[in-house]
Amino acid sequence: MTSIPNLDDINQTAYYIPFSGSADDEAGNAISLPLQRSKNDLPDGDGMRLDAYMKAWRKTLDRMQSLIRALHAPVVEQVIKKVHNSYTNVLPGLPYPELPVVCITNPTSSSSFINDVAVRLDSTELDKGDLPDIPFLSTSLYPTDCGNITSAMKAVIGGFVDRPELLMKVKRKPTTSLASHDIEMLVAWYKSIRETYNVTALSQPKLVVIMHDFEEFDPGIVQDLFYICSLHVPRLPLVFMLSLSSPPSPSYLQLTYPRSTMALLRTHKFDVPSGIKILEEVVLKTYFDPEFEPDVMIGPTTLKHLIDNFTRQNSSLEASISILHLAHLKHFSTEPLTFLTQSTPSSDTLSHPSSFHTLDDLLTRLQGSAQSTDKEQGADWPDTIPALIATIDYARTTFYSRIRRLRIGSRLIQLVQKFMKTQGYKGLDWDQRPGGSSILDVMVDILRGKLGAGVKFLGTMVKKLKARQLSVLLEEIHIFFQTLPTALRSNEEEAREKIMASRSALPEQMDIDISAISSQLAESIGEWLVEYLNNLLRPLEETALWEVWYTGLSPFPSDLMNPSVRASMLAGLLRPYDFVDSDDSEGVTHSLSELPDTSILFRRYLDSGKMINVYDWFESFQLELETQRKHLRKKLAPEAIKVERGSPKKGKGKREVTSGGDPLEDDDGEEKWRVEVQARFMRALQELDYLGFIKHTGRKADHVQRIVYDIHD
Amino acid sequence: MRFQARHLGTSSDGGDEQDDISEEESDLDDNFATSSPKKGKSAGRAAVIQDQPNLIVQTAFDAYFTHATSRAQTSTNVFSSLVPPLTADEYTGAIASASMLEPIQPTLLKEPSRTLVFTRFMRELAEGFNILVYGYGSKRRVLNQFATDYCSKAGHVVVANGFQPDFSLKDLLNSIENVPGILSIDTPSTTTESQAKRIYDFFAEPSQKRHLYIIIHNIDASPFRSAKAKSCLALLALNLKIHIVASIDHLNAPLLWSTSESSARKEEKPILRAIPPRGFAWLWHDLTTLVPYDFELAYADRSSISGAHGGGTRKKTDTTVQAATAMTETAALHILASVTQKAKKLFALLAGKQLESIEEAGDSTSSDLQQFGMGYDMLFNAARDDFIATNDTALRSLLGEFRDHNLVVAAQATSGGGEILWIPLRKERLVTVLTSVKAEL
């Protein structure tokens, strides 16, 4: 422990604490950072849950990332192609060569798209031989790099030149070398690259400069940058790629930059797919796709939070992934039984005495679910460990098959709804829902089991269909079943047969409307559909041990991503006792004088007007402290009496000493008290200042301005 | 939203409600007219008003507009003239002996909650998030404990005290370079950017197994607010093997980062690129400790009401003023005791002129003493008239001693025309110092 420096040293601003873990985990990976333990854990429950979590989250994340990449892929491809051809099909006869600029409008302002592009552009596996095959060399430019034109040029040039893997670094002499912000330096470097690798003029690599957060760049500097670069364009095949987050029209570029600059550029615009559709695509294909099976299903509350966050606060996919990430993390760290997610531990582990807490918990929950649901699986109560394991395994398969059916159901209901729309009917009013019009809101309702009325309505609609429409619908449902994965299809054999039978029962000639037969058929299909859908969409909570694989109604800890810092600070100042979790403080209101100094001062702050006179503030604070002092003395007084009673021998003399010697009574004590009040006032005042509650305007002598106007109730 | 709701409420409730509102508002107006903080009597009255059944809940917006429309009426009492400032000794003595209440200890800081919180932090850091803690109270001690008990078991740790006035990002980066091996990567340049890049590259190496934990106390402090510091940190923050745990205390600190910055994610499989991505990947945690900020404010000037005010563009001038006003009577007397008679005379001259101009201004409250300073030329003329210094060199050498010890501060005059000199002592103290100097002369 001697290696830990004195962190309370006021004269040092930064400390280094060397690694002090055990030396044998030299590999680094061996450091286990477990999840929080709970009392119902197995001996190694936290580790097992961590493993389960890793597997589950990795599976989901990989799926989502591949979906996002697939969404971005077409645009990335276009962008790459455009950059690639930026110097080939140049319009002939221009008075001067133009600087190719690719504008990428990315309203979600997340960096994932531009990263995808950058990764494609920036293939670093460069060997001596294959440079001619590499079409691009790229660098990134951030707004903070460009405080002035010199540093901007330096950043651009340095980004290309400082690559020892491409070209051996030459020792530069300040007297004879070009300055590092001189574009001639880049020209020379590029020339030598071409000579070293024998690049032909046709296949010369383009130099791509990616400008992140383009709106944050100073336009004056960027104008100069563009001007300088455009002077060297034919020799240096530069391409600028601008990442914009403002809407494509009115174009930021056109609004901000003058004609003289725009004339130098040849701009191409690309839009990154964005909006709620993207989220729908990713979430539907991750959680509601019969072809993919995540280990853990998210509950309606998490899904709802995801939608709200995307539509109202931060419509970036990265934030959405983080939300799901945290939901997984929370699920596995708060639910002790999640170690059962993928597999059940061996009977040896479970029969160990230290696992009894867990078994207890497990059996209680099994019992609970057996009582609440029908007895289809709870018939034989597990009385041995192997039987218990079998029950758990059974619960797992039951849950997964239930959720598979839920996915099929959600797809089927979308299919019917879509069919109704194409037929020109209103269908379910998914567009005019009060909560939102996203298809994901419908999924929330499905998970909550609130779609019963909707299903019934769709059934009624189907009943009223004409023979021709019915045949189209049946055809579509039939195709839907055909496209399901084989394993799922075989489970729905019954439904498929029903469809087949109904199709063949339809009259061949639909021109003649044999109303009796078709309406009868429609009636039966409608009824069947309602029953079938309701069966498919049964709530997941009905299965045994659903808590393991389903986050259910547990709320999402939204404070982790979108905190209310202000509210927390105000609560800390106004109601500090709320942060103490003791039983007797329930409902006890604390008077102002019982609060800490800063809280007292802050309360007086909230009582005052726009400007606060520091002296008056001080006086009001003093009054409150006087009350506090009285209380403290009252509290101390009985103890003093006790002391006196305990030593009756000294009698009167002692009493005189105590009253006379009380430092708070005499003049000296009064002076001391005055200084103390002032010191405490200064301390509280400066704390409030430090927290940013005070503005010194200097407009009036010793006045400060109030910043927070929240009401204390 | 709430503002709207209030209006909806009034319109739907009909006419008789309207009267209540006007009554209510007139009550409020009365309340705000006595704009300065309430003392006993009016506080009692406020309580009476609160007890009345109040159908309309006043919101912060309402309060703001009510205050903004009315003229701020406050008394003419001036704190610094009515209450003599405390010296540093008086302050520390008073705080040490103060009969304060028992400090409240939040449950979060007691076992077993604390272990739970710390394990959770470690897990979340390992998941690729960085942690930002907020809430009222100094979080320094808790985070330091986290650093020594948990982080140092898992990797190298660097703790930075952002709240200290002389902190700079360079200190943090230099401390990180104490990690064995970093300096062997050859990057000759020593600018902060290349230093950050070097650290990033070192921890991005697949062969580097040990992680780095950076604990930043008050990442909202002014050294971290600059664009340069932010970009350096944003670079480090997205490295898979670097983890940041930072605390914020300022009310508006969340404004420092854009949503895309704070929601950026670390790349799971980092691809070696020339310019890596930047961002923070914050996870926010409420860590209300209710502990006073004594350590953080150790540098604040306890004798001035704006002594703890830092940050913003004025930070730089603030620190010089802060260092300057921290001069105490004893320190001044010590310096004066060791200088020549002539220098003492010069001091008395300057002090006398400064007191005169403070008297003339009739406002002894401003903490900015520069306005009462004296131009160098004027001082030189006055000094020559008194035979203190006959030429420029002599005067400068006399002043040199004072300036070295910050007893005389100089700055360029704002309205052109040479140097302004002043003594960084407030009026009351300057008077006592001047009397004792004159007694010796």
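This report covers the sheets, the chain contacts and the salt bridges of a predicted model.

**The parallel sheet of chain A**

Chain A contains an open sheet of five strands. Their order is β3-β4-β5-β2-β6, and they pair in parallel. From one strand to the next, the twist averages 20 degrees. Helix α3 of chain A, residues 149–161, packs on this sheet. The helix touches β3, β4 (206–211) and β5 (238–244) of chain A. Its direction makes about 145 degrees with that of β3(A).

One pairing can be followed to the residue. Strand β2 of chain A, residues 99–105, runs parallel to β6(A), and seven bridges link the two. Within this pair, A:Val102 stands opposite A:His268 of β6(A).

**The antiparallel sheet of chain B**

Chain B has an open sheet of three strands, ordered β6-β8-β7, with antiparallel pairing. Strands β6 (374–375) and β7 (409–412) of chain B each have a single partner strand, so one side of each lacks a neighbour in the sheet. Two bridges tie β6(B) to β8 of chain B, residues 419–422, in the antiparallel sense. Here B:Gly375 stands opposite B:Ile420 in β8(B).

**Where the chains meet**

The size of an interface is often given as the accessible area lost when the parts come together. Between them, chain A and chain B bury about 11100 Å². Carbon and sulfur atoms account for 60% of that area. Three residues, A:Tyr16, A:Arg683 and A:Tyr690, supply 7% of the area that chain A buries against chain B, more than any other three residues. In contact terms, 125 residues of chain A meet 135 residues of chain B.

How many salt bridges does the rule find across the interface of chain A and chain B? The rule finds one. In a salt bridge, B:Asp294 joins A:Arg683. Polar contacts between chain A and chain B come to 27 residue pairs, with both residues at pLDDT 80 or more. Helix α24 of chain A, residues 667–690, gives the largest share of the side of chain A that touches chain B, at 15 residues. That side divides into 61 nonpolar, 34 polar and 30 charged residues.

Strands also pair across the two chains. Strand β1 of chain A (residues 14–17) runs antiparallel to strand β2 of chain B (residues 155–161), and four bridges join them. A:Ile17 stands opposite B:Val157 in β2(B).

**Salt bridges**

Over all chains, the structure holds 37 salt bridges.

| A:Arg683 | B:Asp294 | 2.4 Å |

The A:Arg683 bridge links chain A to chain B.

Key:
Residues numbered from 1 in each chain as written. Chains lettered and ligands numbered in written order. Predicted model: local features only at pLDDT ≥ 70, side-chain atom pairs only at ≥ 80, totals over all residues. Heavy atoms only, no water. Pairing = 2+ DSSP bridges. Axes fitted to C-alpha atoms, helices over the stretch in contact; angles between N-to-C directions. Contact = heavy atoms within 4.5 Å. Buried area = accessible area lost by both parts, 1.4 Å probe. Salt bridge = Lys/Arg side-chain N within 4 Å of Asp/Glu carboxyl O. Polar contact = N/O pair within 3.5 Å; in protein donor to acceptor, adjacent residues only side chain to side chain. Nonpolar A, V, L, I, M, F, W, Y, C, P; charged D, E, K, R; others polar.
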